[in-house]
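Subject: Structure handover

Hello,

Here is the structure for your files. My notes follow below it.

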Amino acid sequence: MNTKVLVTGGTGFLGAYILQELVQKGYSVRAIRRKQQAPFYIPANILSQVEWVNGDLLDVVSLHEAMQSIDAVIHSAGKVSFMAPDKAALYKINVEGTANMVNAAIEMNVKRFVHISSVAAIGTDKLGETVTEGKKWQQGKYSTPYAVSKFHAEMEVWRGAAEGLNAVVVNPSTILGYGDWSTSSCAIFKSVYNEFPWYTTGINGFVGVEDVAKAVVLIMESDISGERYIINNDNWSFQQMLNTIADGLGKKRPHKEATPFLGAMAWRLEKVKSLFSGKKPLLTRHSARVANSKTYFDNRKILEALPQFSFTPLQQSIEQACRKYVSHPPPAHL
């Protein structure tokens, strides 16, 4: 296979699994990285087949160099944070960084551009709604700085598409799987492993990381252009998700309900505690609100677009991840 693919964010959670999927399918893969540490949760024989190059989304020269002789780009890099002080950094990395990627791809005549966005970029302006790709963005009280940055990042991709870039956007829901449990959504597994006692009854979308990686590569291989796709396996309550993880890890299930009132108290206490400790709060206003909200994500569009693709049952994805966390715990320094 002669197609050469560039991946940004290859040392991140989803990006690492995209690298694995590409290598296993025989692609020639190049990945941009800023740090030397490779993701420990991907086999070394996979990572050794990746051509690693140093680069940065904010360094335009490095992006042009990385895109030399590249046929397709999967832009997976980005900053995830729900903390208000990170607003400027979110805009810089997610919006300006994506604009730089789009511009470089156009200038280097890249044939295919897949942008990894988030369901947050679609926006939720009321509780209990079912979100589809056709939902129009409306910035409201549930719009976090992260969501706003991902929305504007998508706008840069659509601007590039108007200028001739062959682009597709994918919007994964909350991604679950085996990774560095000190970061991203993997921290949910660490919390349950430590038998955090609280649960909420809110509902949200969840999907296994390997399913997202497979769908992204299939989208890249397709002739689809100018579309966006929600990648969501199932809509579960947080309680069901936490219980499934607890059972998989052999830990005690969360047994105390964190009501909206308790959640509001908890994030305020966390904020005060972080001021003294200097550490990021474990809970923010946004995460407390989401944990008690009910949002459903419709996955019919991607299943219709990719008839050869099907989701792994969510319980199975979680149980597989739990087995890996138990048999190969993340390094202690993580």
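How many bridges join strand β7 to β11? There are 4, and the two strands run parallel. Strand β7 covers residues 167-172. Two strands count as paired if DSSP finds at least two bridges between them. Helices (H or I, at least four residues) and strands (E, at least two) are DSSP runs, numbered from the N terminus. Within this pairing, N171 stands opposite I230 in β11.

Some ground rules. This is a predicted model, where local features need pLDDT of at least 70 and side-chain atom pairs count only at pLDDT 80 or more, while totals for chains, interfaces and linings use all residues. Residues are numbered from 1 along each chain as its sequence is written, and side-chain values use heavy atoms, with hydrogens and water left out.

Overall picture

The protein has 12 helices and 14 strands. Of its 334 residues, 53% are buried. Buried means under 20% relative accessible area, exposed means over 50%, and partly exposed is in between (1.4 Å probe, protein chains only). Take contacts (heavy atoms within 4.5 Å) between residues at least 6 apart in sequence: 77% join residues at least 24 apart.

The sheet

Strands β7 and β11 belong to an open sheet of 7 strands. The order is β3-β2-β1-β4-β5-β7-β11, and the pairing is parallel. β3 (50-54) and β11 are the edge strands; each has a single partner, so one side of each has no neighbour in the sheet. On average, neighbouring strands are turned by 20 degrees against each other, direction ignored.

Two helices go with this sheet. Helix α4 (residues 87-107) lies across β1 (4-8), β4 (72-75) and β5 (112-116), and runs at about 170 degrees to β5. Helix α7 packs on the sheet too, touching β1, β4, β5, β7 and β11. Its direction makes about 155 degrees with that of β5. Axes here are lines fitted to C-alpha atoms, for helices over the stretch in contact, and angles run from 0 to 180 degrees between N-to-C directions.

Salt bridges

Side chains of opposite charge can pair when their charged atoms come close. The structure holds 11 salt bridges. The cut-off is a side-chain nitrogen of Lys or Arg within 4 Å of a carboxyl oxygen of Asp or Glu.

- E221 and K25: the closest N and O atoms are 3.1 Å apart. E221 is in helix α7 (residues 209-221) and K25 in the loop between α1 (13-24) and β2 (28-33), so the pair ties together parts 196 residues apart in sequence. E221 is partly exposed at 34%, and K25 is partly exposed at 30%.
- K301 and E227: the closest N and O atoms are 2.7 Å apart. K301 lies in helix α11 (residues 300-305) and E227 in the loop between α7 and β11 (228-231), so this pair links parts 74 residues apart in sequence.
- E163 and R159: the closest N and O atoms are 3.6 Å apart.
- K4, R30 and E51: these are linked in a network of salt bridges.

One more note on E221. Its side chain also makes a 2.7 Å polar contact with that of Y27. A polar contact is a pair of N or O atoms within 3.5 Å; within protein, one must be able to donate a hydrogen and the other to accept it, and residues adjacent in sequence count only if both atoms are side-chain atoms.

Best wishes
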